[in-house]
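Student: I keep meeting labels in structure descriptions. Can we go through some and check each one against its rule?

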Amino acid sequence: MPELPEVENVVRSLTPLVVGRTLSSVRTGTHDVAEPRGFDLSTHLQYRQINRIHRRAKRIVFTLDSGDRFYIHLGMTGQLLVEPYNTPAKPHTHLRFILDDTRELRFIDPRRFGGFFWMGQSLDAERDLGPEPFDLSPEQFHARLLTTRRVIKTALLDQSLVAGLGNIYVDESLFAAGIHPKKIARRVTLQQSARLLESVVSILNSAIHSGGSSLRDYLDANGNPGLFQLQHRVYDRDGEPCTTCGLPIKRVVLHQRSTHFCSGCQKR
Ligand SMILES: [Zn+2]
């Protein structure tokens, strides 16, 4: 599923294609994927220009010339693709934003965990999100870990603690930092926190640079997959030998999320 690096690549590939364009119309499919339910997209979006697109956590935030904002969340299987106007759309295309230049921006999402979320001009629409890992000092990161009794894997998936991390990059970062996913977050020392934050930031940056990880459905706005899955050390490698010590990578389920780690390299 798309995480921070994939969403960052969608934003980067989308920006030159849609920023400055005006929305001629919006077409919706059979499923209502807008929040709030029943929201009238045409009234708020038609003839508005897209002034900016940016990433916040795993959200793709659009700012219109009216000052209103909305975001698209890709959920598990979402894609945003820019394609020529009126060409056949893929199954599960829920939204079509018709642009003023013979193209359209399409939101496709077979499993519908993603969607369109209207923010309007509300300033506290992002109140539920913690800071981005790139903006934290090791001390601030450590202080946040001390506030929870949960295991580190679960804590790092909590978007209010640190925003943007998901299953793949948490597993990879914990491996890189040598920390067991079941270690209690508040027992992580300042030194370990510093190493973990450094791993998180460097893995996210390399993944952004590689175009993200394409496991199932992920494509950027031009339809290109990412390549970072080739550099995964633990994620989706259960049973395969650890690249450091040779022991088989283990997979366990923690709070309904599959978790991959090396019992030789990662200590509780
Ligand atoms: Zn190992």
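**Labels and their rules**

Tutor: Start with D109, which is buried, with a relative accessible area of 0%. Buried means under 20%, exposed means over 50%, and partly exposed lies in between, with a 1.4 Å probe and protein chains only. Remember that the model is predicted: local features need pLDDT of at least 70, side-chain atom pairs count only at pLDDT 80 or more, and totals for chains, interfaces and linings use all residues. Residues are numbered from 1 along each chain as its sequence is written, and side-chain values use heavy atoms, with hydrogens and water left out.

Student: Where is D109 found?

Tutor: D109 sits in the loop between β8 and β9. Strands are DSSP runs of E with at least two residues, helices are runs of H or I with at least four, and both are numbered from the N terminus. D109 and T77 are 32 residues apart in sequence, yet 5.4 Å apart in space, C-alpha to C-alpha.

Student: R112 is in the loop between β8 (103-108) and β9 (115-120). Why does R112 count as partly exposed?

Tutor: Its relative accessibility is 42%, so R112 counts as partly exposed. Phi of R112 is near 55°, a positive value in a residue other than glycine.

Student: What makes Q256 exposed?

Tutor: The relative accessible area of Q256 is 74%, so the label is exposed. Q256 lies in the loop between β10 (250-254) and β11 (257-261). Phi of Q256 is positive too, near 70°.

Student: What kind of peptide bond runs from E35 to P36?

Tutor: That bond is cis, with omega near 0°. P36 belongs to the loop between β2 (34-35) and α2 (41-45).

Student: Why is α1 called mostly covered?

Tutor: Of its 15 residues, 12 are buried. Among them are L4, V7, V10, L14 and L17. G20 follows α1, and its phi is positive, near 95°.

Student: Which atoms coordinate the zinc ion?

Tutor: The SG atoms of C242, C245, C262 and C265, at 2.2 to 2.4 Å. Donors are N, O and S atoms within 2.8 Å of the metal (3.2 Å for Na, K and Ca); water is not among the atoms, so sites may look incomplete. Along the chain, the zinc donors follow the spacing C-x2-C-x16-C-x2-C.

Student: What makes the arrangement around the zinc ion tetrahedral?

Tutor: Four donors count as tetrahedral if all angles lie between 85 and 135 degrees. Here the 4 donor atoms subtend angles of 98 to 116°, so the arrangement is tetrahedral. The ideal angle for four tetrahedral donors is 109.5 degrees.

Student: Are C262 and C265 buried, exposed or partly exposed?

Tutor: C262 has 0% relative accessibility, so C262 counts as buried. C265 has 22%, so C265 counts as partly exposed.

How values were computed:
Tetrahedral: all angles 85-135°; square planar, octahedral: opposite > 155°, others 65-115°.
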